[in-house]
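Welcome! Let us take a walk through this structure together, one region at a time.

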Amino acid sequence: RYFLLREVPFGQDGAFSEEAITKRLESDLANDLGNLVHRTLSMIERYCQSVVPPLGAVGCAVEDEPLKQEATTLATRVQPAMEALNFSQVLEMIFALVSHANRYIESQTPWQLAKDAAMRSRLETVLAILAEILRIAAIVLEPFMPRVADSIWKQLGCTGPKRLADCSRWPALAANQPIGTRTVLFPRREAT
């Protein structure tokens, strides 16, 4: 089973330094994943009274489809790299999805949609899609960063188990599900 990979030790072939780890933490995690979680949940809190909004009646618009496809196929796409113990490649695919979701926020400008009552359904769809991206990211990140994955899961208001098979479900979050208490995933480290 996928989560048994927590038991597999990392190889000795990687070169690590504290500076490189800190840089990666601040760029990929804090700036990309932490920012995505913060922005998405802040907007759900502000614009949707702290509940996961429903997808619009039409579902996903044309501009949503590439992000949806990248997300719903992530588990299948990472599987060969997981089996080959190529964890770096798995993480690259996860963070490619996170980067795509951050670009999606910039292109869809939910803060602008919120100003127009006629765009309410579109705003809810954009935020519902982002919540689904966080759900899938939490599932696939579980073997690598279980505490981070659990934090995202709880902040989304999810209580059930994280199952790899659920990555392909869309949507899987219940409409009007209350989100949990928001927390900072990656507090900034003080330079020593």
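A residue is called buried when its relative accessible area is under 20%, exposed when it is over 50%, and partly exposed in between, using a 1.4 Å probe and protein chains only. What you see is a predicted model, in which local features need pLDDT of at least 70 and side-chain atom pairs count only at pLDDT 80 or more, while totals for chains, interfaces and linings use all residues. Residues are numbered from 1 along each chain as its sequence is written, and side-chain values use heavy atoms, leaving out hydrogens and water. Helices are DSSP runs of H or I with at least four residues, strands are runs of E with at least two, and both are numbered from the N terminus.

Let us begin with Ile 139, which sits in helix 6. Ile 139 is buried, with a relative accessible area of 0%.

Is Lys 162 buried or exposed? Lys 162 is buried, with a relative accessible area of 12%. The side chain of Lys 162 makes a polar contact of 2.4 Å with that of Asp 150, and another of 3.1 Å with that of Glu 142. A polar contact here is a pair of N or O atoms within 3.5 Å; within protein, one must be able to donate a hydrogen and the other to accept it, and residues adjacent in sequence count only if both atoms are side-chain atoms.

Next comes the nonpolar interior. A nonpolar core is a set of buried Ala, Val, Leu, Ile, Met, Phe, Trp, Tyr and Cys residues joined through side-chain atoms within 4.5 Å. The largest such core has 53 residues, and Leu 33, Ile 133 and Ile 152 touch the most other members. Two or more residues each are given to this core by helix 1, helix 2, helix 3, helix 4, helix 6 and helix 7, with helix 6 providing the largest share, 13 residues. Leaving aside residues up to four places away in sequence, Ile 152 touches Leu 33, Val 37, Leu 134, Ala 138 and Leu 185, where contact means heavy atoms within 4.5 Å.

Helix 3 (residues 74-83) has buried residues at Leu 74, Ala 75, Val 78, Ala 81 and Met 82. Seen down the helix axis, these fall within an arc of 120 degrees, so they line one face of helix 3; the arc is that of the directions from the axis to the C-beta atoms. Helix 2 (65-72), helix 4 (87-108) and helix 6 (120-141) are what these buried residues pack against. On the face turned away from the buried side are the exposed residues Thr 76, Pro 80 and Glu 83. Just after helix 3, Leu 85 takes a positive phi of about 60 degrees.

Now for the aromatic rings. Rings of Phe, Tyr and Trp (its six-membered ring) pair if their centres lie within 6.5 Å; planes under 30 degrees apart count as stacked, over 60 as edge-to-face and the rest as tilted. The count comes to one aromatic pair: Phe 87 and Phe 144 are edge-to-face, 5.8 Å centre to centre with 75 degrees between the planes. Both Phe 87 and Phe 144 are buried.

A last stop is Pro 171, in the segment after helix 7. A cis peptide bond joins Trp 170 to Pro 171, with omega about -10 degrees.
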